[in-house]
Amino acid sequence: MLAAAPDAPRAPVAPTPAAAADPLAPSGRWSANTDGQAPVPPMGWNSWNAFNSDIDEEKILASARVLVDTGLSRLGYRYVNIDDGWWLKRRQTDGRLVIRSDKFPSAGKPGSTDTSFRPFTDKIHAMGLKAGIYSDIGRNSCGQIYTPDFKNQPEGSVQEREVGLYGHVDQDIGLFFREWGFDFIKVDGCGVRGLPADAERVRSGMYRALPPIIDMQSLGRTDVGAVKALYQSVGTALQRHRPGGDYVFSLCLWGSADVRAWGKDLGNSSRTSDDISPHWGRMLTNLDTAITRPLYAQPGSWNDADMLYVGTGDFDADHLTEARSHFSLWAMINSPLIIGYDLRKLTAAQRTIFGNAQIVALNQDPAGNQAVIAYQSEDVQFLVKTLADGGKAVALFNRSAEPAEVHLTAAQLKYREDAPVALTDLWSGKRSSFTGEQGFKLAPHETLVFRTSGTRRLPNGLFLSEQPGNVNPAVDGVVAPRVDPTIHQSVTHWRGTRGPGEHAQYSGWGGAQADRAVYGQVLRVAARNYDTGLGVLTGSRMEVRNNGFARFTASVGVDDSSDAATAGVRFEVYGDGKLLARSRPMRFGEAAQPLSADVKGVRIVELVARGAGGDTRNPAAVVWADAAMVR
């Protein structure tokens, strides 16, 4: 495994005896990230999808001007981000990075070998925008390692071409943010993944080997602690060089290294998948890696399904239905709305998509609730998002290339079925209403998006699955796979409908779910289905921010997807670190039991599910059914 970089953080302070004895001990605090500037998902533009590494100052400034001139910047598109291709080399005398001044003329300093992006960022800031930069946590960038025809390749000796952060974290972050004035950084991870000793570009002498600490196909062969420590060193440097917290830290680990569990605690956004491409099937893959993670995104830290490809390929001017779907879905799941199109070619139709203020408002809603799946089949999905004003948004999505007839019910919106539901179509502006259920026809690849209002099924509170932005799986119970070194295959605890190796790079199967069991099934306890609740594993601790509610209520039990021998599961409710309620030991097949607690005046409620004897090595699926905060 890779040794820590020279400026990687020191080992964490040893836990208190109580925490060491009990990894589920309540902390009484919110542990998801609140540093940086991302109370809502970042919006803006990035150079990669449009230009790959073939970038220059004119292209980027032209895109920035379009954001301003079209009014898109006033909707929130304010970050203008340079991706790979900006660097010339790392100077060996002092380790300072040198910019390609032939591509960025303003970076050159007459009479000096130094270069500076300060004139460039000053121009961006003068437009009322923010500037972003790209790097890699390893020695070399993704473009260097994986792009066959890499324009603007770093030049010089092997060491001079090592332009990544590894060994230079504090120096580079200080350069980017304190000296050059950047506001956003995207940090890739290819450099700690793609340069084993037998890699072709290492054997040829192009790059030095860096023993991988990430295995995209095996969580068990990934040194999660080492990866996390490297990214933590970036966060520490950002706080040092931007002490006011005016930055955005974007993690780009493509769902590997169990980043689902810890990325939300370090960064402002975390990639859930490989790079998107301008193809419908690839868009679906990226969507699927984020759509089941609403509990892993909160104000300050967002699931990132990658940049928008509206304008290109399957989302071009001849495919506006697909383009609207792509944009709508990214808005509903609170993925950062980062345009990846050459804005110099922007058409009126594309501007209408990017500039749909009603759709953008869903993404930028201050409640920060990622949409939750309310219905799904092989071809159709309904996504429901609870908004800060008390209303809801719903997206009806046809994944298939065939038309579909669907029915939206009041129950799927968690409204009463005997009261009218009002709808406003956010693409057409048409208003309508229904009681009980309403049928819709979806064209191939179409997404209908509505704002809704109705009479809530829970009139005096909110179900936890309606407010995922206030729920954090501080410990989600997922056990990292074990590895048998003699066969080099992971031995995992995953169960469910998919094989144990499938989607390993996306952190495995399982984790905390809203309105679903941990493996994606319907919540089910003792043969009774529940349409509302949290599906978690034993060995989990969920943090819930209490926004003025007086009581927590739920019915708790062992999910029917667990092993029939599961017994002795305890459910505990804590308020600001103090035990408020505890269930008796529960077993498989036993009906769910009510559990409630007085939480008036409590800031943080914590929900702990313990296995028999406190065992966290063999987690079972359990249910906090109908979990809610009520007045």
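Author: We will go through the cores, a sheet and the cysteines in turn. This is a predicted model, in which local features need pLDDT of at least 70 and side-chain atom pairs count only at pLDDT 80 or more, while totals for chains, interfaces and linings use all residues. Residues are numbered from 1 along each chain as its sequence is written, and side-chain values use heavy atoms, leaving out hydrogens and water.

Reader: Which residues touch the most other members of the largest nonpolar core?

Author: In soluble globular proteins, nonpolar side chains tend to be buried together. A nonpolar core is here a set of buried Ala, Val, Leu, Ile, Met, Phe, Trp, Tyr and Cys residues joined through side-chain atoms within 4.5 Å. Buried means under 20% relative accessible area, exposed over 50%, and partly exposed in between, with a 1.4 Å probe and protein chains only. The largest core has 106 residues, and Tyr77, Trp86, Phe117, Ile173, Phe176, Tyr231 and Phe327 touch the most other members. Helix α9 (residues 224-241) gives the most to this core, with seven residues. Helices (H or I, at least four residues) and strands (E, at least two) are DSSP runs, numbered from the N terminus. Apart from this core lies another, of 33 residues, including Leu464 and Met542.

Reader: What does Phe176 touch?

Author: Contact means heavy atoms within 4.5 Å. Leaving aside residues up to four places away in sequence, Phe176 touches Trp86, Leu97, Ile133, Ser135, Leu165, Gly181, Phe182 and Ile185.

Reader: What is the order of the strands in the open sheet?

Author: Strands of a sheet pair through backbone hydrogen bonds, either parallel or antiparallel. Two strands count as paired if DSSP finds at least two bridges between them. The six strands of this open sheet follow the order β11-β12-β13-β18-β15-β16, with antiparallel pairing. At the edges stand β11 (372-376) and β16 (431-435), each with a single partner strand, so one side of each has no neighbour in the sheet. On average, neighbouring strands are turned by 30 degrees against each other, direction ignored.

Reader: How many bridges join β12 and β13?

Author: Seven bridges join β12 and β13 in the antiparallel sense, and Val384 has Val394 in β13 as its bridge partner. Their hairpin has five residues between the strands, and there Gly390 takes a positive phi near 95 degrees. Strand β18 (residues 447-453) also runs antiparallel to β13, over six bridges, with Lys392 opposite Thr452.

Reader: Which residues of β13 lie on each side?

Author: Lys392, Val394, Leu396 and Asn398 are on one side, and Ala393, Ala395 and Phe397 are on the other; all are buried.

Reader: Which cysteines does a disulfide join?

Author: A disulfide is a covalent bond between the sulfur atoms of two cysteines. The cut-off used here is a pair of cysteine sulfur atoms within 2.5 Å. The count comes to one disulfide, joining Cys142 to Cys190 with 1.8 Å from S to S. The link is right-handed, with 85 degrees about the S-S bond. Cys142 lies in helix α6 (residues 142-146) and Cys190 in the loop between β6 (184-188) and α8 (200-203), 48 residues apart. Cys142 is buried at 13% relative accessibility, and Cys190 is buried at 3%.

Methods. Axes fitted to C-alpha atoms, helices over the stretch in contact; angles between N-to-C directions.
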